[in-house]
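Please look over the sequence and the structure shown here before reading on. The briefing then takes the main features in turn.

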Amino acid sequence: MEEDIRNLVGNRLRFLRKQIGLSQEKFAFVVDLDRTYIASIECGRRNVSIVNIEKIADALGCSVYEFFNAKEFKSLKANTKSKMIAKVAEKSKKKYK
């Protein structure tokens, strides 16, 4: 089963938040978002806007690039790329038959 991007973002947020030693409540205060919103991100139930990703990364003391520069996202990218290539190949076969 593939891991959803929302779960990857949530797991990454939880990992980095715990590394800096903040509870969800304290982190939510720092990032100026509701604690339940942070909890729903960490559980993979939120499709987070890029504006909020930037706020979260800033509060974690990293860039958006650093937030997403983890092996989990790299394997997702490779998997997505191979799926896109397969779709293009399939569409090409149908179009040029």
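What follows is a short briefing on the helices, the core and a few single residues.

The model is predicted. The protein chain has six helices and zero strands, and its elements run α-α-α-α-α-α from the N terminus on. Much of the briefing concerns helix H3, which covers residues 35-42.

**The chain as a whole**

- Of the 97 residues in the protein chain, 30% are buried.
- Taking contacts between residues at least 6 apart in sequence, 57% join residues at least 24 apart.

- The buried residues of H3 are Tyr 37, Ile 38, Ala 39, Ser 40, Ile 41 and Glu 42.
- H1, H2 and H4 are among the elements that cover these buried residues.
- Just after H3 comes Gly 44, which takes a positive phi of about 80°.

**How H1 meets H3**

- Helix H1 spans residues 5-19, and its axis comes within 7 Å of the axis of H3, crossing at roughly 120°.
- An angle of 65 to 115 degrees would count as roughly perpendicular and one over 145 as roughly antiparallel; H1 and H3 are therefore oblique to each other.
- From H1, the residues in this contact are Arg 6, Val 9, Gly 10, Asn 11, Leu 13, Arg 14 and Arg 17.
- From H3, they are Ile 38, Ile 41 and Glu 42.
- Sorted by class, the contact of H1 with H3 has four nonpolar, two polar and four charged residues.

**The nonpolar core**

- In soluble globular proteins, nonpolar side chains tend to be buried together.
- In this model, the largest nonpolar core has 20 residues.
- Leu 13, Phe 27, Ile 38, Ile 41, Ile 56, Leu 60 and Phe 67 have the most contacts inside this core.
- The elements that give two or more residues to this core are H1, helix H2 (24-31), H3 and helix H4 (50-60).
- Leaving aside neighbours within four places in sequence, Leu 13 is in contact with Phe 27, Ile 38, Ile 41, Glu 42, Ile 56, Leu 60 and Phe 67.

- Glu 42 lies in helix H3 and counts as buried, because its relative accessibility is 2% and the cut-off is under 20%.
- With neighbours within four places in sequence left aside, the contacts of Glu 42 are Gly 10, Asn 11, Leu 13, Arg 14, Arg 17 and Gln 24.
- Ser 40 is also found in helix H3, and at 7% relative accessibility Ser 40 counts as buried.
- Not counting residues up to four places away in sequence, Ser 40 touches Arg 45 and Arg 46.

**The aromatic pair**

- The structure holds one aromatic pair.
- The pair is formed by Phe 67 and Phe 68, whose ring centres are 5.1 Å apart and whose planes stand at 80°, so the pair is edge-to-face.
- Phe 67 is buried, with a relative accessible area of 1%, whereas Phe 68 is partly exposed, with a relative accessible area of 26%.

Definitions and conventions
Residues are numbered from 1 along each chain as its sequence is written. This is a predicted model: local features need pLDDT of at least 70, side-chain atom pairs count only at pLDDT 80 or more; totals for chains, interfaces and linings use all residues. Side-chain values use heavy atoms; hydrogens and water are left out. Axes are lines fitted to C-alpha atoms, for helices over the stretch in contact, and angles run from 0 to 180 degrees between N-to-C directions. Helices (H or I, at least four residues) and strands (E, at least two) are DSSP runs, numbered from the N terminus. Angles under 35 degrees count as roughly parallel, over 145 as roughly antiparallel, 65 to 115 as roughly perpendicular and the rest as oblique. Contact means heavy atoms within 4.5 Å. Ala, Val, Leu, Ile, Met, Phe, Trp, Tyr, Cys and Pro count as nonpolar, Asp, Glu, Lys and Arg as charged, and the others, Gly among them, as polar. A nonpolar core is a set of buried Ala, Val, Leu, Ile, Met, Phe, Trp, Tyr and Cys residues joined through side-chain atoms within 4.5 Å. Buried means under 20% relative accessible area, exposed over 50%, partly exposed in between (1.4 Å probe, protein chains only). Rings of Phe, Tyr and Trp (its six-membered ring) pair if their centres lie within 6.5 Å; planes under 30 degrees apart count as stacked, over 60 as edge-to-face and the rest as tilted.
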